Amino acid sequence: MHVERYEKIFMALTLVVLLAALAAIGAGVFAAGVHLPSAAGRIDPKTIRQAPPFDRPGVRELAPGEYEVVLIARAWAFEPNEIRVPRGSTVRFRVASADVIHGFLIENTNVNVMVIPGQIAEVTARFERPGEYVFLCHEYCGFGHQQMFGKVIVE
Amino acid sequence: MSSIARTAGAERIGAGEAIYLAEQLWPIRGQLYLGLIGLALGGYMGLLQALERIGVNLYPAHFLKSYYQGLTLHGVLLAFLFTFAFSNSFLSLTTIRGFQRPLASTWLAHGAFWTMLTGTVLAAFAILTNQATVLFTFYAPLKASSLFYLGAVFLVLSTWLTSANQLLTLRAWRREHPGEPIPLLGFVSVVTYLMWDLASVGVAILVVVFLLPWSLGILSSVDPQFDRVLFWFTGHPIVYFWLLPAYVSWYLMIPAQVGGRLFSDGLTRFVFLLFLILSTPTGLHHQYTDPGLPTVMKTVHLFTTFAVVYPSFITAFTVMAALESGGRARGGRGLLGWIRALPWKDPSATAQLLAMLVFTLGGATGIVNASYSVNLVVHNTAFVPGHFHMTVGTAVALTAMGICYWLIPFLSGRELWGRRLALAQAWLWAIGMLIFARGQIAGGLSGMPRRTAIGDAAYLNLFHWSLDNWLTAIGGVVMTTSGLLFFVVVIGTLFFSRPLARPVEIPLAEVTHGARESWPLFDRLSLWFLIAVGLAVVAYGPVILGYLPLNSVSPPIKVY
């Protein structure tokens, strides 16, 4: 097959561009430690309130500076919708849905995960700066979807 | 080639070999107009969404219960009806033109039209009666009326009938032309649908095996995580089903429209085959943030997604080279002078040139979405609609409108009416879209969720989204103006224009390095299709086997 010289050069260069982008992603994962959510257990949304740890939604201190937040997402609120942790805390969020698909995004962090009925979503964030971090539902979940939010207050 | 030039008016066909048969043209025409009705209504819903951003709520005035009911119409009418109907229409016509013979089956051509119409009526009824406010992704366990799922079945069925007809036509052509290379226009038309045949299997299983029985009460529960895997099996490659008809025009028609040549027949085949084999094994990059799927397979799909970027990069070169050859042939000089020499007074070419320009930004933002960890910043934010309005909303939609500027005269036998309006339409669409996308992308980067009634959001005052919302709204108004101009031109052409003075030809590019310099193996379509199936199995087998057993815990829920 005949391929023009410039075309060959272009095809080689774009390959380099793509490989460079992949290398940058690799650096983000291995050097900066940015990880994607993955499987963290299954749960039945119908009986979520009887199943530990979702029988007691809220904030728990695991160790000094380390917290676990258990969150239930339902149409159309997070329980709890206000979370207080001291600055410098590392917080592990365990989120599950009691009904339809929801989303969980905390502004100014890398926390961004789907909350899918039947699955436990687990994400971690470190809060260095004091202030309010809004978290919200980013997946359409019915008529009141736009009302669904909460705050992490870092003191 | 010019000997087959003729209008499509049934009675005027007959000189030479009759390839455009009246009984095959009406379903082609019918689907185009059905698609354009979808574009008009779906696009109008976009205006309501844009205005909602700045606190203007027009939904009650339109008998719509919510922003989300309008958004479902917007998504279904534009992403399914408009795109499917346009593809069926346009790529049936290119099949006829490509193979220089009528479609093998008039019955299938009619079937494609009637199934498309049936699917549209069923889905539209369910949505308009607020029984299917589930957006175009219809994620379980949000439950829609069975009529909605049935409508989706018919819409997909219509595309399969079109594909079957193309394949029968290819077979008939092969019998008449043993040993010859497949004509390029026919090749790209058939391969586009072959890609979709494989891709659509995911959503077909989702709807027929799970959602339809579940909505009828035959199944009590479904597994929302698994359903999303099936959805995105189709949900990514569907974007190439939207895009490839535009590529057909960019590769094979635009060079002729700007007076240039397509360089390489072989590379064109190669690009379309890459889309055939690489489009489907990529869906997990829409599910990077899904909790129930392993990161290993997410990583595999990262690589395949970057691989499917590659044919678009080659396209960037090939199409630009064809444009440059045209610009220089028209007297353009210097490094960039050929750009000014392109036919900027021709609305069909201009619309598509602008579509390509906006697509470069659409493609670049798409690579951001696909970039694994970077996706965490933008996933499900307004960045994503910012991105895909520059791809499907411009690269595809504006190209389709540009194609209409010769296609509607071709099909109706009437002169294009209001050329200057059409020219203004193209520019307004591109400008409006860039303003809109700027608003959405900036909003998304600061956490604005997508598919959300932002004007009514409880957290609106906690963010600084004012400028982003205004840009979104202004862009939406500019695009609506453009859309209005488009339909003025279409209606003017159909009802108020004079008959064509000279017959319109389907523009078809000359090729510098033709089919004889291509690689004969490219034409072994069943082999390439098998490779595509194999790659899909490799990419999805571990995902599905690793996920089982199903976690069917979700009964239907209606919260809209």
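Predicted model: local features only at pLDDT ≥ 70, side-chain atom pairs only at ≥ 80, totals over all residues.

Biologist: Let us turn to chain A. Which strands make up its open sheet, and in what order?

Modeller: The order is β4-β10-β9-β6-β7, five strands of chain A with mixed pairing. β4 (82-85) and β7 (112-115) are called edge strands because each has a single partner, so one side of each is left without a neighbour in the sheet. From one strand to the next, the twist averages 20°.

Biologist: How do you know that β6(A) and β9(A) count as paired strands?

Modeller: Two strands pair if there are at least two bridges between them. β6(A) and β9(A), residues 131-136, are joined by 2 bridges, so they meet that cut-off. They run antiparallel, and L105(A) has L136(A) as its bridge partner in β9(A).

Biologist: What makes N108(A) stand out in the loop between β6 and β7 of chain A?

Modeller: Most residues other than glycine have a negative phi, and most peptide bonds are trans. N108(A) is not a glycine, yet its phi is positive, near 60°. Its place is in the loop between β6 and β7 of chain A.

Biologist: Which peptide bonds are cis?

Modeller: One of them runs from E79(A) to P80(A), with omega near -5°. P80(A) sits in the loop between β3 (77-79) and β4 of chain A. Another joins L548(B) and P549(B), where omega is about 5°. P549(B) lies in the segment after α18 (525-547) of chain B.

Biologist: Now to the helices of chain B. Why are α15(B) and α17(B) called roughly parallel?

Modeller: Angles under 35 degrees count as roughly parallel. α15(B), residues 383-412, and α17(B), residues 466-496, pack at about 10°, with axes 10 Å apart, and are therefore roughly parallel. Their contact includes M401(B) and I408(B) in α15(B), along with F486(B) and V490(B) in α17(B). By class, this contact has 7 nonpolar, 2 polar and no charged residues.

Biologist: What makes α2(B) and α4(B) roughly parallel?

Modeller: The axes of α2(B) and α4(B), residues 146-176, come within 10 Å and cross at roughly 10°. That makes α2(B) roughly parallel to α4(B). Among the residues that meet are F80(B) and F84(B) in α2(B), and L155(B) and W173(B) in α4(B). The contact is made up of 7 nonpolar, 8 polar and no charged residues.

Biologist: At what angle do α2(B) and α8(B) pack, and is their crossing left-handed or right-handed?

Modeller: α2(B), residues 67-99, packs against α8(B), residues 237-252, at an angle of about 35°, with the axes 10 Å apart. The crossing is left-handed. F86(B) and F90(B) in α2(B) are among the residues that meet α8(B), where the partners include W242(B) and P245(B).

Biologist: Finally, how many residues of the two chains are in contact?

Modeller: 59 residues of chain B are in contact with 53 residues of chain A. On the chain B side, the elements that give two or more residues are α7 (224-235), β1 (262-264), α10 (265-278) and α11 (295-329). The largest share, 8 residues, comes from α11(B). That side divides into 34 nonpolar, 18 polar and 7 charged residues.

Note on methods: Residues numbered from 1 in each chain as written. Chains lettered and ligands numbered in written order. Helix = DSSP H or I, 4+ residues; strand = E, 2+ residues; numbered from the N terminus. Axes fitted to C-alpha atoms, helices over the stretch in contact; angles between N-to-C directions. Contact = placed C-beta atoms within 7 Å. Nonpolar A, V, L, I, M, F, W, Y, C, P; charged D, E, K, R; others polar. Left-handed = near helix turned anticlockwise from the far one by under 90°. Parallel < 35°, antiparallel > 145°, perpendicular 65-115°, else oblique.
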